[in-house]
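I opened my notebook today to look around one protein chain. Here is what I looked up, entry by entry.

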Amino acid sequence: MKYLKRFFALQLLFLLIIPIALAEITLTLPEKDVYNLGEKVSPSVSIKEDADYDGFFKLYISCGSYSLQYYTTPLSVISGSRTQVIVPELPLSKAMIGECILKSDFVSTIDGSTIDSGQSKAFSVTDEARILINDNFEAKPGENIGLSGEIQKLSNEPFLKGEVEITFNGIKGSVNISSGKFGYTIELSKDSETGNFPVKISATDKYGNHGEKTLSLKILPVPTRIENRFDNSIIIPGENLRVRVTLYDHLNRAMNGTKLNAMAFTPSENLIAEKEMQNPDYFELKTEKNLAPGTYFFLSTYEGVNSFESVKEQSAFTVEPVKKIVMAQEGNLVNVENVGNVIYDEEVTIVLEKDGKNYVINKKIKLAPGEKAAIDLSNEVPQGNYDIVLPKDAISTSEANASNESANVLIGENVLKNVSIDDNRNALKKTADGAFAITGAVVGAAGY
């Protein structure tokens, strides 16, 4: 009993399957999911029925709310035999943009009833194009920028024909597409502004397909000159040398943040100072008091990526000759130091005053820069308390007072009051002092 039930069930299933297997319309498309405008759909169509029929074969395209019957042909089919139907290619137009399918009907010539129907798989129709090109570019004023890229359909197939329009800095240019490729040159003027600028690329063809892409073009500044601006190009030893160094581009604008190098050289081109800095910046140098006089050199440099981008500027500054000594009294001694930057070879006069008498001491001083010596007043005058008058051009009040805590404090610019001096003169000088006691004038003129 179970066997018979199973047998009848299989027989029923077989009867249901037979019509499906014998009646069929197939619409097969190429292995392609997306089409651009202007492309053609060319399906493979076949029909197989379970009886002989005479009728009309109709083919439609349906894209959303849009539908078009674009092909009708008389057709006769023989039962159980598959018939190939040759249908024309269908150019895709703008009205078909979206998701589409192909549909077919086989209708009877007798009463117009539908014998069979079929449809294809879904496919997309688009008007979008894809532009393949590098996203970003860098260039310098005066350079030419070559743009080259490809224009593709969304199916990755190349555009065979069309036009590309390039817009940069308000200027438009165009070039034809050849085998899906294009090339274009942007010429930059030598005075081009620097910064990031958009380059718009637009591709179109006669069917209405289009694509756009915006690139970023970075125009770099071109270093052209360095300015060395001295606060004072003539300096006295011990003063600060201060130079503002600025690198300018082709538009005479400071290239902020650029690395610079600055160096100072002696007249014989020996390096005395060097500094790395960020443009713009100050180069500062505290000079030595005994720095030799002459014409010194200051060199600032910018080293570009390539040697032809390097910029240098050499300037000169002058160190003045300074002939100067400093004198400071301590006990019986007057200490003398050459604080200038040249040899001091002069005669100096020191006056000691006591009880209305003036004792004039002339000394020949010859000292190299930085060299020191001492004059012993106890070898020149009798013992006593004196007002000492030092040469005005050989005394620095602050330096003299600070040089030794035991030194007498200056009164005015160069007078020391009531200084106690011992008498360590030799017998000859003491005799001379007695001989001139009437006039009250004693002159010590021993060479130093």
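**A buried serine**

I began with S378, which has 0% relative accessibility and therefore counts as buried, since the cut-off for buried is under 20%. I kept in mind that this is a predicted model.

Next I asked myself where S378 lies. I found S378 in the loop between strand 32 (372-376) and strand 33 (384-389).

Then I looked up what S378 touches. Leaving out residues up to four places away in sequence, I noted N332, I421, D422, D423, N424 and R425. I also wrote down a polar contact of 2.6 Å between the side chains of S378 and D376.

**Strands side by side**

I turned to strand 14 (residues 144-153) and looked up its pairings. Strand 12 (residues 129-132) runs antiparallel to strand 14, and four bridges join them. Here I found I131 bridged to I151 of strand 14.

Strand 14 also pairs with strand 17 (residues 181-187), in the antiparallel sense, over seven bridges. For I145, I noted I186 in strand 17 as the bridge partner.

**Cysteines**

How many disulfides did I count? The count came to one disulfide. This disulfide joins C63 to C100, with an S to S distance of 2.0 Å. The pair links distant parts of the chain, 37 residues apart: C63 sits in strand 5 (residues 53-63) and C100 in strand 9 (residues 98-108).

I checked the handedness too: the torsion about the S-S bond of C63 and C100 is about 115°, so I wrote down "right-handed" for the disulfide. Are C63 and C100 buried or exposed? I found C63 buried, and C100 buried too.

Technical notes: Residues are numbered from 1 along each chain as its sequence is written. This is a predicted model: local features need pLDDT of at least 70, side-chain atom pairs count only at pLDDT 80 or more; totals for chains, interfaces and linings use all residues. Side-chain values use heavy atoms; hydrogens and water are left out. Two strands pair if DSSP finds at least two bridges between them. Helices (H or I, at least four residues) and strands (E, at least two) are DSSP runs, numbered from the N terminus. Buried means under 20% relative accessible area, exposed over 50%, partly exposed in between (1.4 Å probe, protein chains only). A polar contact is a pair of N or O atoms within 3.5 Å; within protein, one must be able to donate a hydrogen and the other to accept it, and residues adjacent in sequence count only if both atoms are side-chain atoms. Contact means heavy atoms within 4.5 Å. A disulfide is a pair of cysteine sulfur atoms within 2.5 Å.
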